[in-house]
Amino acid sequence: MFKSTGSLLFLVLFHLLLSFNSGGHLKFANGLIAKDKWCVANPLSNDTVLKNNIEYACNILSDCKLIQPGGSCYEPNKLMHHASAVMNQYYAMEGRNTWNCNFFGSGLLVSKDPSYGSCEYA
């Protein structure tokens, strides 16, 4: 069926690319996925993991005013909401690559816009 192992290897790698790419969308430029995905914290994550995610993302972003008192995503003042807001901001800033929402398994890509009130997810 295949004339060379190179063709078979290419098909296997192509299949792996599709299976690891969220939603099956294949875009080769920077591994980008569709802009209709958002990164949120996994509800099963514990408080320590969420705090670590916030600290990591805020260090990279160098501005987390959105989750500070008076910020657009401060209310509700819940760790899960704050973590999701900065994790998504980090994900968007880094190019919306699937791996930018991993956070050691504590991030989830969702298809429904999680924006609420004045808190808009980019």
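## Cys-58 and Cys-64

Cys-58 and Cys-64 form a disulfide (a pair of cysteine sulfur atoms within 2.5 Å). Their sulfur atoms sit 1.9 Å apart. The torsion about this S-S bond is about -110 degrees, so the disulfide is left-handed. Both cysteines are buried, where buried means under 20% relative accessible area, exposed over 50% and partly exposed in between (1.4 Å probe, protein chains only).

## Basis of the values

This is a predicted model: local features need pLDDT of at least 70, side-chain atom pairs count only at pLDDT 80 or more, and totals for chains, interfaces and linings use all residues. Residues are numbered from 1 along each chain as its sequence is written, and side-chain values use heavy atoms, with hydrogens and water left out.

## Cys-39 and Cys-101

The sulfur atoms of Cys-39 and Cys-101 are 2.1 Å apart and form a disulfide. This pair links distant parts of the chain, 62 residues apart. Cys-39 is in strand 1 (residues 38-41). Cys-101 is in the loop between helix 3 (79-93) and strand 2 (107-110). Helices (H or I, at least four residues) and strands (E, at least two) are DSSP runs, numbered from the N terminus.

The S-S torsion of Cys-39 and Cys-101 is about 90 degrees, so the disulfide is right-handed. Cys-39 and Cys-101 are buried.

## Cys-73 and Cys-119

Cys-73 and Cys-119 form a disulfide with sulfur atoms 1.9 Å apart. Cys-73 lies in the loop between helix 2 (47-61) and helix 3, and Cys-119 in the segment after strand 2, so the pair ties together parts 46 residues apart in sequence.

The torsion about the S-S bond of Cys-73 and Cys-119 is about 90 degrees, so this disulfide is right-handed. Cys-73 is buried at 1% relative accessibility. Cys-119 is buried at 0%.

## Pairing pattern

The structure holds three disulfides. With the bonded cysteines numbered in sequence order, the pairing is 1-5, 2-3, 4-6.
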